[in-house]
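Hello,

Here is the structure for you to look through. My notes on what was found in it follow below.

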Amino acid sequence: MPHPEPVARRMYDLVEPIGLVPYLADESDEALMALGLRNMWDAYFAGRAAPFGRGMPAEAVHAVFYSFAPGEVARHIPRVWDLTTPEAALAARERGCVAGMWRVLGDRADDPGVARAGELLLKAAISAPVEGRALYAALRAVPVPQEPVARLWHAATLLREHRGDGHTAALLAEGVGGTEAHVLHALSAGMPAQDFGRVSHLPAAQLTAVVDGMRARGLVGPDGWLTDAGRATKERVEALTDRLAEPPYNALTPGELDRLIVDLEPISADFRQAFPM
């Protein structure tokens, strides 16, 4: 008998298209850049790190975000806080993301299913323990917006960061470094590491050294693709990530979970169409 799909995996498929709005909707970058930021990566780090406030050093942001190459965070943190404030960045990010969501949803934004999905998703999103979840915990301290589309976006962002904190733990458990995680993902998807957007900009020698290190551990073969051990590692990381992402959904009754899935399906489909992943 096939194993049933984990609840967290099903919800990831539905929530992730909404959680990606800050990174795929032009309105988010535009709202942040209007604060005087220099480029889209300033916007990324200002928007995502804002819940930590001004005083968190680049080294700590690097540790929490995990997947950036050495030195990348320090090019933006703390300099972005010379250009704007965390409070302004949080407000701009929300404003831009909500504008992007209204554009994508169109008339559906006023559908009762959007408000209902936002309430149920928020119930799940604020229910999980914060211990060991640095980014999720920081975002939990941010006031919850009242407008229905904004609440849906906020809830999806909370759940994305909760899952992301768990994903970092799963990578650490398997001894997979931040840049290695991108290589592992790219190769598992059949894409050469040097073509994957999150690492394609790295100097060739730097990326080659990362792949060589994975080859020495038996994760990458002589042909440059994942070995059986590499694929097994990727599967264990994803399985543990799913298990660690389950707690928020335990707050919902079976009926609420079913209702949430029904309401989210057309919403997520709109975002998948607008922002193919």
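For what comes next, a salt bridge means a side-chain nitrogen of Lys or Arg within 4 Å of a carboxyl oxygen of Asp or Glu. Please keep in mind that this is a predicted model.

Salt bridges

By that criterion the structure holds 18 salt bridges. One of them joins the side chains of Arg9 and Glu238, at 3.3 Å from N to O. Arg9 belongs to helix α1 and Glu238 to helix α13 (residues 228-244), so this pair ties together parts that are 229 residues apart in sequence. Glu238 has a relative accessibility of 21% and therefore counts as partly exposed, since buried would require under 20%. Arg9 and Glu238 also belong to a network of salt bridges, in which they are linked with Arg163, Lys234 and Asp242.

The side chain of Asp263 meets that of Arg116 in a salt bridge of 2.7 Å, N to O. Because Arg116 lies in helix α8 and Asp263 in helix α14, the pair ties together parts that are 147 residues apart in sequence. Asp263 also forms a salt bridge with Arg259, at 2.9 Å from N to O. Here both partners are in helix α14, four residues apart, or about one turn of the helix. Why can two such positions face each other's way? An α-helix has 3.6 residues a turn, so residues three or four places apart point the same way.

Helix α14

This helix covers residues 254-274. Its 21 residues should span 30 Å at 1.5 Å a residue, and the end C-alpha atoms are 30 Å apart, which agrees. The buried residues of α14 are Leu257, Leu260, Ile261, Asp263, Leu264, Ile267, Ser268, Asp270 and Phe271. They pack against α1 (7-19), α2 (21-24), α7 (86-105), α8 (112-125) and α10 (148-173).

Helix α8

Helix α8 has 14 residues and reaches 20 Å from its first C-alpha to its last, close to the 20 Å expected at 1.5 Å a residue. Buried in α8 are Gly113, Val114, Ala117, Gly118, Leu120, Leu121, Leu122, Ala124 and Ala125. The cover over these residues includes α1, α9 (134-140), α10 and α14.

The largest pocket

About 1,500 Å³ of space lies in the largest pocket. Its lining comprises 44 residues, and those nearest the centre are Glu16, Leu20, Arg160, His182 and Arg198. Two or more lining residues come from each of α1, α2, α3 (26-33), α4 (40-49), α5 (58-65), α10, α11 (178-188) and α13. Which element gives the most to the lining of the largest pocket? That is α10, with eight residues.

Regards

Definitions and conventions: Residues numbered from 1 in each chain as written. Predicted model: local features only at pLDDT ≥ 70, side-chain atom pairs only at ≥ 80, totals over all residues. Heavy atoms only, no water. Expected span 1.5 Å × (residues − 1). Buried < 20%, exposed > 50% of the residue type's maximum accessible area, 1.4 Å probe, protein only. Contact = heavy atoms within 4.5 Å. 1 Å grid on protein atoms, 1.4 Å probe; cavity = no way out; pocket = protein on both sides within 12 Å on 5 of 7 lines; lining within 4 Å. Points joined across faces, edges and corners; volume = space filled by probe spheres on them.
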